[in-house]
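Reader: I have a new structure to look through with you. Could you walk me through one part of it?

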Amino acid sequence: MKLNLNIQPLNTWLNVNNEPLIISGPCSAETEEQLLTTAHLLAATGKVSVLRAGIWKPRTRPGEFEGIGSIGLEWLKRAKAETGLPTAVEVANAKHVEEALAAGVDILWIGARSTVNPFTVQEIADALRGHDVPVLIKNPVNPDLQLWIGAIERINGAGITKIGAIHRGFSSFEKSSFRNEPMWEMAIQLKTLCPELPIINDPSHICGNRELIPYISQKALDLDMQGLMIESHVDPSVAWTDAKQQVTPAALAELVDRLTVREPEAPNEAFADKLADLRKNIDKIDDILLQKLAERMSIVEKIGEFKRDNQVTILQVNRWDAIIKKGHAFAKALKLDLNFTEKFLELMHGESIRKQTEIMNAGKAAEGIAAEQHTEVKA
C-alpha cells in the first residue's frame, strides 16, 4: 500500500549543481575558524551543494561535547554569506527549530535519536507548522520502518512538503565492519511505499570510518538514492567528535570524482526490450519457486501432524544442522552467496516451525476456547 504524502520533487526546492547531490561539512561546528575554513575548502571543490554542521549534538553520556550551541548558527550564517552554500543543521526540539529558522538556516534535519521518539517528532512538527522549509528525516536508531514512516507523516502533516529521508543505518547487537548496519532493505521498502520521496544516504554514520565510505556511497547511488551526506573536516585528526568517519575536503572531492552515477532507466529501446525479456524469465522462475514453497509447506504440515500424533518435539537440532551443512555445500557448488543461502534457509525453517507449532497447539487452543465458553455459561 502506497503512502499518501504530499511531497515536492527534490529539484523544485534544492538547486543541485552537480550529480550526485552532496551535503557535506563537519560533524560538529567547533570554532568559527574551523567551520569557515572547511566551508571555503568544500565550496572550492565545486562538488558540494549544501553545507552541513552539527550545532547541537545528542551525546550518549553526559560530560561529552554536546555541540557549540546557538553561537554556531552565526558562524553558519557567515559561511553561507561567504561561500554561497545553503546550510543544514540537525534539530531535536522546538527551541532548536525556532533558533535555526531565525538564523536563516536553509534545511533542517531530524536525527536518528529523535526519529525514534514520536513525542519529539511531533514537537518539532508543531514548531514547523506555518513555515516553508525543507526537512530531512533520518531513519530511527533501531530498524523500525513504521517509526521512520510515522516521523515523515508527522512532518508532512504539519504542512511541510519539501521532505527527504536520510538513510544512516541501524544499530545492531551483531558486530560487523560497520558502525551502523546498512540494512538496505529498509530504505528500499520505504522507497517502494513512497516512490516520490527523495532518499539521501549518510555513509559517514553507516561506516564509522572513512575507509569504507567510497564503497557505501557507490552502493547507495546504485540503489538510486538521490544524494550523499558525508562529514568533512579541515583536519579530521583533531576533530572533537567522530574523527574517524570524517574526510578532508580534498579527499571528499577525490571520492566524488571516483563515483559512477547511473540512470534509473535507459532511453535505449533495445535495452528496454531485452530487460523486459529477462524479467519475464525471472517472473516464470519466481512462479515456480512459490509453487515449490507451497508444496514444501504442505509436507511440513504432514510432518507436524505426524509429530503431534507421536508426541515428538517440533525442533530437532541435529536435523537443522544437517540442513545448514547441506545448504552451504550446495550453495557453494551453485556459486550462491552463503549468507543469502543461510538467511533463505532460516526463513523457511522459521515458517516450518510456525506451521508445526500451529498444528501442535490447534487442539489445545480449541480446548481453551471451549473452557472459556463453559466458564461464561456457568457465570
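Author: Gladly. Helices (H or I, at least four residues) and strands (E, at least two) are DSSP runs, numbered from the N terminus. This is a predicted model, where local features need pLDDT of at least 70, side-chain atom pairs count only at pLDDT 80 or more, and totals for chains, interfaces and linings use all residues. Residues are numbered from 1 along each chain as its sequence is written, and side-chain values use heavy atoms, with hydrogens and water left out.

Reader: Over what arc do the buried residues of α4 lie around the axis?

Author: Helix α4 spans residues 94–102, and its buried residues are A94, H96, V97 and A100. Take the directions from the helix axis to the C-beta atoms. These residues lie on the same side of α4 because they cover an arc of only 160 degrees.

Reader: Which residues are exposed on the other side of α4?

Author: The buried residues of α4 are covered by elements including α3 (71–83), β3 (87–91), β4 (107–110) and α6 (118–128). The other side has exposed residues, and they are K95, E98 and A102.

Reader: Which residue caps the N-terminal end of α4?

Author: Look for a side-chain oxygen 3.1 Å from the backbone nitrogen of K95. A polar contact is a pair of N or O atoms within 3.5 Å; within protein, one must be able to donate a hydrogen and the other to accept it, and residues adjacent in sequence count only if both atoms are side-chain atoms. The capping residue is N93.

Reader: How many residues of β3 are buried?

Author: T87, V89 and V91 point one way from β3, while A88 and E90 point the other way, and all are buried. β3 is therefore largely enclosed by the rest of the structure, the buried count being five of the five.

Reader: Which residue of β4 is the bridge partner of V91?

Author: Two strands pair if DSSP finds at least two bridges between them. β3 and β4 run parallel and are joined by four bridges. For V91, the partner in β4 is I110.

Terms used:
Buried means under 20% relative accessible area, exposed over 50%, partly exposed in between (1.4 Å probe, protein chains only). Contact means heavy atoms within 4.5 Å.
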